Amino acid sequence: MEIILKTFSWKNIIEIIILWAVIYRIFLFLKGSKAFYLLRGIIFLVVALLAFHFLSFPVLTRLLAYFFAFFLILVVIIFQPELREGLIHLGKRHIFYIEPKREEVENTLREIVSACGVLSRKKIGALIAIKREIGLNKFVESGVVLNADISSELIQNIFYPFAPLHDGGAVIEGGKLIASSCLFPLSENQTLEKTLGMRHRAGVGLSEHSDAVVIVVSEETGSISLAINGQLTRDLAPNDLFTILKGQLTNPR
Amino acid sequence: MGVFKNFNLKKAVTHNFWLKLIALVIAVFVWLYVAGTITSGGRFA
């Protein structure tokens, strides 16, 4: 320890900062996903390992160390898709939070809410995901990439029943309609109402797999629902939808 | 430099504060552990 402190230099500080940024990005990537619980499990194991070590329980320490090594191999196998996605998108995001321009976000939301209002009145089904920090590229790749400026008319046009892209969900990212006809994962939540259709289940499913805010317009009733973190809020009026979306997307979490 | 146009230092620090703090603590521990391992291996010796 003494040697480390004696030789400590500005290069070591840079090393720690880089380590910090990488660990923070891993946390952000895992936050809100199933893997985050796994991370908590790993931290628990490490704490237990350290406790056994300092309390001088050699057998338990060695046993836990063996299990830990085996566990890490299991993690790589089980979370291979997440690890692959993480590596693909490495470096694509900002290290720290950059505040989005409030007016730009509000304008985008106005267009989305306006479209949802029209679709709701006409009882046209819609599924719209708004990306936040966790990447949705896996789902974007399953659809048709558009990269178009958002307008209420464009969203209505996409979900018009006879339009070629109306099936599946649309993905919005930073004022752009990135893709439509995307396949979202269905929720396996047993507590969801049995009457909910595939569109609602896909909306909830995506909100479970990511931190995206997902808007669902029902084809049968025309009601607007919002899925956030696996929770579905149903029968929202356009004004309420705008207020909730504004709160979710303009305030840092 | 558009990335820095809307940069807000207070928000950069307070946003996900606990996550950042935990990440920093882990980073320091990892660095100390690895540096300690390296030291005992003779890099600084």
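Tutor: Setting aside neighbours within four places in sequence, Glu106(A) is in contact with Phe242(A) and Lys246(A). Keep in mind that this is a predicted model.

Student: In which helix of chain A is the place of Glu106(A)?

Tutor: Glu106(A) is among the residues that meet Pro238(A), Leu241(A) and others in helix 10 of chain A. The element that holds Glu106(A) in chain A is helix 6.

Student: Is Glu106(A) buried or exposed?

Tutor: Buried means under 20% relative accessible area. Glu106(A) has a relative accessible area of 15%, so the residue is buried.

Student: How do helix 6 and helix 10 of chain A run, roughly parallel or roughly antiparallel?

Tutor: Helix 6 (residues 102-121) and helix 10 (residues 238-250) of chain A pack with their axes 10 Å apart, at an angle of about 150 degrees. Angles over 145 degrees count as roughly antiparallel. Therefore helix 6 of chain A is, relative to helix 10 of chain A, roughly antiparallel.

Student: Is the crossing of helix 6 and helix 10 of chain A left-handed or right-handed?

Tutor: The residues that meet there include Val105(A), Leu109(A) and Val113(A) from helix 6 of chain A, and Leu245(A) and Leu249(A) from helix 10 of chain A. The crossing of the two helices is right-handed.

Student: How many residues of strand 6 in chain A are buried?

Tutor: Strand 6 of chain A covers residues 224-228. Ile224(A), Leu226(A) and Ile228(A) point one way, Ser225(A) and Ala227(A) the other way, and all are buried.

Student: Which residue in strand 6 of chain A stands opposite Val214(A)?

Tutor: Strand 5 (residues 213-217) and strand 6 of chain A run antiparallel, joined by 4 bridges. In this pair, Val217(A) has Ile224(A) as its bridge partner. The residue opposite Val214(A) is Ala227(A).

Student: Which residue takes a positive phi in the hairpin of strand 5 and strand 6 of chain A?

Tutor: This hairpin has 6 residues between the strands. The positive phi is near 80 degrees, and the residue that takes it is Gly222(A).

Student: And which residue takes a positive phi in the hairpin of strand 6 and strand 7 of chain A?

Tutor: Strand 6 and strand 7 (residues 231-236) of chain A pair in the antiparallel sense over 4 bridges. Ile228(A) has Gln231(A) as its bridge partner. With 2 residues between the strands, the hairpin has a positive phi near 50 degrees at Asn229(A).

Student: What percentage of the residues of chain A count as buried?

Tutor: Chain A holds 10 helices and 7 strands. Of its 253 residues, the share that counts as buried is 43%.

Definitions and conventions:
Residues numbered from 1 in each chain as written. Chains lettered and ligands numbered in written order. Predicted model: local features only at pLDDT ≥ 70, side-chain atom pairs only at ≥ 80, totals over all residues. Heavy atoms only, no water. Buried < 20%, exposed > 50% of the residue type's maximum accessible area, 1.4 Å probe, protein only. Pairing = 2+ DSSP bridges. Axes fitted to C-alpha atoms, helices over the stretch in contact; angles between N-to-C directions. Parallel < 35°, antiparallel > 145°, perpendicular 65-115°, else oblique. Left-handed = near helix turned anticlockwise from the far one by under 90°. Contact = heavy atoms within 4.5 Å.
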